[in-house]
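My entries follow the display.

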There are 2 protein chains.
Amino acid sequence: MSSPVRLLLADDEHLIRGALAALLSLEDDLLVVAEAATGPEALAMARAHAPDVAVLDLQMPGADGVRVATSLRAELPDCRVLIVTGHGRPGHLKRALAAGVRGFVPKTVSAQRLAEIIRTVHAGNRYVDPELAADAISAGDSPLTAREAEVLELAADGAPVTEIAERAALSPGTVRNYLSSAVTKLGAENRHTAVRLARERGWV
Amino acid sequence: MSSPVRLLLADDEHLIRGALAALLSLEDDLLVVAEAATGPEALAMARAHAPDVAVLDLQMPGADGVRVATSLRAELPDCRVLIVTGHGRPGHLKRALAAGVRGFVPKTVSAQRLAEIIRTVHAGNRYVDPELAADAISAGDSPLTAREAEVLELAADGAPVTEIAERAALSPGTVRNYLSSAVTKLGAENRHTAVRLARERGWV
DNA sequence: CACCCCGCATGACAAATGTCAGAAGGCCGA
DNA sequence: TCGGCCTTCTGACATTTGTCATGCGGGGTG
């Protein structure tokens with residue numbers, strides 16, 4: 001047999017990360033060489049250990065999985081990235097693929113499946129959970145322009161228009177226009193439902 | 001040594017549940033006798049296997065951990081309940097304790113710690129994560145009246161006042177008054193940030 | 001019983017928000 | 001080069017919120 005697949009595991013929940021490390025170590029062609037709890041930590045660990053495959057949680061403090069994947073792609077092009085996620089939003093998948101991620105799976109898979117998928121990814125193939133893929137396709141592309149999405153994101157935590165305008169360095173009137181067009185494009189009643197809809201589709 | 005502690009594991013993420021089961025099985029005084037992926041399933045499994053300790057995820061489809069705990073308390077008073085959660089909101093802890101839960105820990109603990117805590121809970125003691133406990137104490141009690149909380153909850157998804165009024169069978173003016181007082185009590189800028197704050201503190 | 005708080009309501013006012021029209025400059029593809 | 005789209009702005013308007021004063025009835029507590 002050839003040398004084992006060297007893995008980096010990143011997940012902020014110690015319980016999951018530890019358990020996963022233990023389970024994957026049972027497979028004798030897999031070897032966990034590093035663990036991380038945050039985005040930056042994952043990056044540092046990757047630099048230090050140059051793993052074959054990085055298994056990243058999508059939601060982590062610091063920088064999310066996709067962001068880490070982007071940096072990784074630049075710094076360690078040989079390191080394949082596999083993203084695991086609790087609740088898979090359609091848009092995240094698209095972003096992940098755009099960032100050069102090779103695999104995207106929900107946490108509902110079993111450890112056996114995950115081990116197989118790690119091997120698939122390591123072999124240079126891609127793997128995307130069929131259900132998530134179907135969701136992503138049916139959700140379609142975002143109808144929002146870059147600015148509309150940006151302004152909508154700034155509106156996410158309920159900030160008033162003046163604050164959004166400040167943070168986006170735009171005139172308040174412009175902000176309201178973008179918000180208005182985003183709301184109509186999404187078929188929402190107001191900016192807040194618009195934010196929710198965009199979130200659900202992964203467009204923010 | 002006495003007979004092992006019989007465990008029920010409930011978590012909707014197969015990956016975590018399986019990994020956890022494997023890890024806890026390594027401890028020779030712990031025995032996983034049942035697993036479940038949803039609230040109702042957890043309940044059915046508990047009835048069928050009468051475990052000593054039920055380890056429940058807080059967020060599960062069907063019925064959340066606290067709901068399951070309440071039912072369990074009535075049907076199987078001898079079954080101790082331990083809740084594990086990803087993001088621990090202060091209010092959840094309070095609700096859980098009120099439901100007779102014996103332990104409450106975040107998923108950031110290690111499997112070793114979890115095993116110890118399971119033993120603690122099985123021995124009849126309680127265990128609450130110190131950090132979560134501190135949060136809960138500092139967050140204090142909800143300053144909202146029942147109606148204020150109700151209206152705030154209905155406002156959560158960005159519905160306009162008229163719709164909230166309809167759904168709550170209240171006059172629109174009354175709704176606005178409740179919203180207004182909730183907003184001032186929470187020190188928020190508007191209803192939406194108020195909803196977010198109340199969510200963070202577990203008051204909705 | 002008087003008092004106070006809560007639930008519920010109304011009315012009025014100021015501020016924020018949603019919507020529309022119009023206009024200027026930049027960039028890109030036909 | 002022209003038309004179309006995106007970005008950015010302004011001004012005006014209707015609607016929705018947020019806030020406050022005030023009123024009435026009910027359920028406790030002292």
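How much area do chain B and chain A bury between them? I get about 2,100 Å², with 67% of it on carbon and sulfur atoms. Buried area here is the accessible area (1.4 Å probe) that two parts lose on being put together, summed over both.

**Ground rules.** I am working on a predicted model, where local features need pLDDT of at least 70, side-chain atom pairs count only at pLDDT 80 or more, and totals for chains, interfaces and linings use all residues. Residues are numbered from 1 along each chain as its sequence is written, chains are lettered from A and ligands numbered from 1 in the order written, and side-chain values use heavy atoms, with hydrogens and water left out.

**Entry 1: the protein interface.** I counted 27 residues of chain B in contact with 26 residues of chain A. Contact means heavy atoms within 4.5 Å. I then looked for salt bridges between chain B and chain A and found zero. The rule is a side-chain nitrogen of Lys or Arg within 4 Å of a carboxyl oxygen of Asp or Glu. Polar contacts do turn up: eleven residue pairs across the interface of chain B and chain A, both residues at pLDDT 80 or more. Such a contact is a pair of N or O atoms within 3.5 Å; within protein, one must be able to donate a hydrogen and the other to accept it, and residues adjacent in sequence count only if both atoms are side-chain atoms.

Which helices of chain B supply at least two residues each to the side that touches chain A? I noted H1 (14-26), H5 (111-122) and H10 (191-201). H1(B) brings the largest share, eight residues. Helices (H or I, at least four residues) and strands (E, at least two) are DSSP runs, numbered from the N terminus. By class, this side of chain B has eleven nonpolar, nine polar and seven charged residues. Ala, Val, Leu, Ile, Met, Phe, Trp, Tyr, Cys and Pro count as nonpolar, Asp, Glu, Lys and Arg as charged, and the others, Gly among them, as polar.

**Entry 2: symmetry.** I superposed chain B on chain A: a rotation of 180° with 0.1 Å of shift along its axis, RMSD 0.9 Å. The two copies are therefore related as by a two-fold rotation axis. Ala19(B) comes closest to the axis among residues of chain B, at 2.5 Å (C-alpha). The same surface serves both copies, as 96% of the contact residues of chain B recur in chain A.

**Entry 3: DNA strand C.** I found 17 residues around DNA strand C. Near means that a heavy atom of the residue lies within 4 Å of the strand. A polar side-chain atom of Arg176(A) is 2.7 Å from a base oxygen of DNA strand C. Arg191(A) places a polar side-chain atom 3.0 Å from a phosphate oxygen. H9(B) gives the most to this surface, five residues.

**Entry 4: DNA strand D.** Sugar and phosphate make up 57% of the atoms of DNA strand D within 4 Å of the protein. A side-chain N or O atom of Arg176(B) is 2.7 Å from a base oxygen of DNA strand D. H9(A) gives the most to the surface near DNA strand D, with five residues.

Terms used: Copies are superposed by least squares on the C-alpha atoms of residues with pLDDT of at least 70 in both.
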